Amino acid sequence: MGASLPQLLPPDVRREGERLFDVSMWCIGRDVSHVDNLLLRRGLTRERIPAGQQGTSAYSGALPGGGAFTLWGFGALCRVCGETVYVPRDGFSPSLVDEGRVVWPVFHAAGLGAAREPVTPGECSAAHTAVVALAGWLAGYEEWVVEVMGMGWRHECVAARRKAPPVPVEKLAVAWRELAGRVEALARPVVDESFAPVGA
């Protein structure tokens, strides 16, 4: 990994994002297996993986605040601020994808081609925006799932995982909102008040 990535998302934020994304993606996997397919019920569109191919189906929808995303079991591709940002489930390190070179449909991460780190201020801003928007969508989705299915369904999903979630399942939406807030704070300029003029 290059030197610019740790400044984009510090290691602790990436670690927390990876842990939350992993449990959310596990739960979403259970949601799509439900007789109602909760992602479709939520309004996403599905591109099914063809018979005999490896990978996962693609689900697409709108991001809060504008933009769009495609979600797979391996990560999410967010289209925001004129950039296409890939956020992988493994590592939670946002990178840029040249969508013009992608051969659609895509059912595995390699299908997205070579991704690169955000470098310019605009690219870094787009990457931050993508993570904040994705976290916001995941938070809203968790709240909606609990509203329509009840908390018992989420407990069932997590129990099937056989691995303790990073936060109590009741707090998953809140944890995503907190992560979004931390990433938003990274994007804001730091004001050092020790250099502020002294009042008369």
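Q: If a salt bridge is a side-chain nitrogen of Lys or Arg within 4 Å of a carboxyl oxygen of Asp or Glu, how far apart are the closest N and O atoms of Asp 36 and Arg 41?
A: The model is predicted, so local features need pLDDT of at least 70 and side-chain atom pairs count only at pLDDT 80 or more, while totals for chains, interfaces and linings use all residues. Residues are numbered from 1 along each chain as its sequence is written, and side-chain values use heavy atoms, with hydrogens and water left out. Asp 36 and Arg 41 form a salt bridge, and their closest N and O atoms are separated by 3.2 Å.

Q: Is Asp 36 buried, partly exposed or exposed?
A: Relative accessible area, computed with a 1.4 Å probe on protein chains only, sets the class: under 20% is buried, over 50% is exposed, and values in between are partly exposed. Arg 41, the partner of Asp 36 in the salt bridge, has 43% relative accessibility and counts as partly exposed. With a relative accessible area of 39%, Asp 36 is partly exposed.

Q: How many residues apart in sequence are the parts that Asp 31 and Arg 154 tie together?
A: The side chains of Asp 31 and Arg 154 meet in a salt bridge with an N to O distance of 2.6 Å. Helices (H or I, at least four residues) and strands (E, at least two) are DSSP runs numbered from the N terminus. Because Asp 31 lies in helix H2 (residues 11–33) and Arg 154 in helix H5, the parts that they tie together are separated in sequence by 123 residues.

Q: Is Arg 154 buried or exposed?
A: Arg 154 is placed in helix H5, which covers residues 151–161. Leaving aside residues up to four places away in sequence, Arg 154 touches Cys 27, Asp 31, Tyr 141, Glu 142, Val 145, Val 146 and Val 169, where contact means heavy atoms within 4.5 Å. Asp 31, its salt-bridge partner, has a relative accessible area of 0% and is buried. Since its relative accessibility is 0%, Arg 154 also counts as buried.

Q: In which strand does Arg 79, the salt-bridge partner of Glu 99, lie?
A: The side chains of Arg 79 and Glu 99 meet in a salt bridge of 2.9 Å, N to O. This pair links distant parts of the chain, 20 residues apart, with Glu 99 in the loop between S6 and helix H4 (121–149) and Arg 79 in strand S4 (residues 75–80). Both residues are partly exposed, Glu 99 at 24% relative accessibility and Arg 79 at 23%. The strand that holds Arg 79 is S4.

Q: How many salt bridges does the count come to?
A: Besides separate pairs, there is a network of salt bridges that links Asp 22, Arg 89 and Arg 161. By the distance rule, the count of salt bridges comes to 11.

Q: Which residues does Gly 91 touch, not counting residues up to four places away in sequence?
A: Gly 91 sits in the loop between strand S5 (83–88) and strand S6 (95–96), and its relative accessible area of 23% makes it partly exposed. Its C-alpha atom is separated by 9.6 Å from that of Pro 11, which is 80 residues apart from Gly 91 along the chain. Not counting residues up to four places away in sequence, Gly 91 touches Arg 14 and Glu 18.

Q: How far apart are the ring centres of Trp 72 and Phe 74?
A: Rings of Phe, Tyr and Trp (its six-membered ring) pair if their centres lie within 6.5 Å, and planes under 30 degrees apart count as stacked, over 60 as edge-to-face and the rest as tilted. A search of the whole structure finds 9 aromatic pairs. The planes of Trp 72 and Phe 74 are at 15 degrees, so the pair is stacked, and the ring centres are separated by 4.9 Å.

Q: Which element gives the largest share of the lining of the largest pocket?
A: On a 1 Å grid over the protein atoms alone, a pocket is an open set of points with protein on both sides within 12 Å along at least five of seven lines, and lining residues have an atom within 4 Å of a point. The largest pocket is lined by 13 residues, among which Val 32, Thr 56, Ser 57, Tyr 59 and Gly 73 lie nearest its centre. The elements giving two or more residues to this lining are H2 and S3. The largest share, 4 residues, comes from H2.

Notes
1 Å grid on protein atoms, 1.4 Å probe; cavity = no way out; pocket = protein on both sides within 12 Å on 5 of 7 lines; lining within 4 Å.
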